[in-house]
Amino acid sequence: MRILVVGGTAVSGQAALQAGRAAGAYCFATSSDGRKVDLAQETAALRLDDGGADMDRFVKSLGGQTFDFLVYTPARGPVALPAREATKDMVEESLSFSVLPYLKLARALSGRVIALSGFVTMPPLLSIYGAMTFTKLTMENLAIAFPERFGILRAGMFLSRSVRGIALLVQRRMQRDPDAELQALRDEWKKVGGRFQDFFWNRNFQYEASYYGGHGRGEAFRPTEPEDLVRAFSLIFKGEKAPIVNVIGSWLWTDEQMPAVPTDLPGDLIRKDLWP
C-alpha cells in the first residue's frame, strides 16, 4: 500500500502517517517548504497558495507514481463569523485552497482521496465557522456522491494550531462586530466567565456529547485526541467503504448520508458540480 499525505506536519497528517506506517504502507508526504516530515519515508515541497502552479509542478514530478490513498489535510477560508453570513465569494476563496487542489490530484493520480471535516452543523460551529461550513459540506457531498474516489474523516474538535487560531479570531471579532449571533455568544461567555478559549472548547464538547452520545454505546464522552484520528485512519486504510468515518473521542462510526442542514442556510453554497 502507498499513501500520499498532503500537509503531513498537521496533527491530522501525522495521524494519517502513523496509521499508514502501522499498516505497512510506504508513506510519501508534503510540506509547504519541503522540510522533512516525521514518519514519512519521502517528503516533497508543495505550496497551495500560488494559484495552482506548484501543484502542476508537483504532479509532474511524481512521474506517474500511483497511490492507494491520498490524504488531504489543508483547509483555509473566512471564519469567525456565523455561517449564514458567508458569501459566495468567501466560499469560492475557501474552495480554491481546501478542495480544488485535491480534485486536481484525484484527476492526475489513482487512489481514493480522504479529506478532513468536522461536525459543522452543530450550533457552536454554525455560529463561528463562516465560509468553511460550506467548504466542509461540499467535501462531504463529494464523498457521498462518489464514495469510490472520495472519503471523509469527520472528527470531533481536537487541539491544533488552527483551532486555537479560530478561537482567537472569534474573540476579537465579538469585540467589534454587532452581529446578534456573535453578541449572544459573547454574553454566554461572560455569564460563564474565565478564558474565552476554555469556554470555546467546553461549549463545543458539551454539544458533541449531547448530539452524538448515541454513538457511544455506553462509553463516556471524552474530547478527541490524535490517537483517535489514528484509529479512524486505520479503519479507512483497512478498506472501510463508507463515504464518511466519524470519530469523537473513543466513539467511532460511519455515515452514508449528509447531515441535516439548517433551512436558513443558503444551500446553493454547497457546491455539487465540482466532479467529475
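Residues are numbered from 1 along each chain as its sequence is written, and side-chain values use heavy atoms, with hydrogens and water left out. Because the model is predicted, local features need pLDDT of at least 70 and side-chain atom pairs count only at pLDDT 80 or more, whereas totals for chains, interfaces and linings use all residues.

Two packed helices are described by the angle between their axes and the distance between the axes. Helices (H or I, at least four residues) and strands (E, at least two) are DSSP runs, numbered from the N terminus, and axes are lines fitted to C-alpha atoms, for helices over the stretch in contact, with angles that run from 0 to 180 degrees between N-to-C directions. Helix H1 (11–22) and helix H10 (residues 226–237) have axes that come within 8 Å and cross at roughly 50°. H1 and H10 are therefore oblique to each other, given that angles under 35 degrees count as roughly parallel, over 145 as roughly antiparallel, 65 to 115 as roughly perpendicular and the rest as oblique. The crossing of H1 and H10 is right-handed, a crossing being left-handed if the near helix is turned anticlockwise from the far one by less than a right angle, and right-handed if clockwise. In contact (heavy atoms within 4.5 Å), Val11, Ser12, Ala15, Ala16, Gln18, Ala19 and Gly20 of H1 meet Pro226, Leu229, Val230, Phe233, Ser234 and Phe237 of H10. This contact of H1 with H10 has nine nonpolar, four polar and no charged residues, where Ala, Val, Leu, Ile, Met, Phe, Trp, Tyr, Cys and Pro count as nonpolar, Asp, Glu, Lys and Arg as charged, and the others, Gly among them, as polar.

Helix H3 (residues 88–98) packs with helix H6 (residues 132–145) at an angle of about 50°, the axes being 9 Å apart, and H3 and H6 are therefore oblique to each other. H3 passes H6 in a right-handed crossing, in which Val91, Ser94, Leu95 and Ser98 of H3 meet Met132, Phe134, Thr135, Thr138 and Met139 of H6.

The contact of H2 with H4 comprises six nonpolar, no polar and two charged residues.

Grid points are joined across faces, edges and corners, and a volume is the space filled by probe spheres set on the points. The largest pocket holds about 1,400 Å³ of space; among the 46 residues that line the largest pocket, Ala10, Thr73, Pro74, Ala75 and Ser162 are the closest to its centre. Helix H7 (161–174) is one of the elements that supply at least two residues of this lining, and H7 provides the largest share, four residues. By class, the lining of the largest pocket divides into 23 nonpolar, 14 polar and nine charged residues.

The second largest pocket contains about 270 Å³ of space, and of the 14 residues that line it, Leu48, Gly51, Gly52, Ser96 and Pro101 are the closest to its centre. H3 and helix H4 (100–108) are the elements that give two or more residues to the lining of the second largest pocket, which has five nonpolar, four polar and five charged residues.

The count comes to one cavity of 30 Å³ or more, and the largest cavity has a volume of about 60 Å³. Helix H9 (196–212) gives the most to the lining of the largest cavity, with five residues.

Turning to the backbone, the peptide bond from Trp275 to Pro276 is cis, with omega near 5°, and Pro276 is placed in the segment after strand E8 (251–255). Leu39, although not a glycine, has a positive phi of about 75° and lies in the loop between E2 and strand E3 (42–45).

Definitions and conventions:
On a 1 Å grid over the protein atoms alone, a cavity is a set of points where a 1.4 Å probe fits but cannot get out, and a pocket is an open set with protein on both sides within 12 Å along at least five of seven lines; lining residues have an atom within 4 Å of a point.
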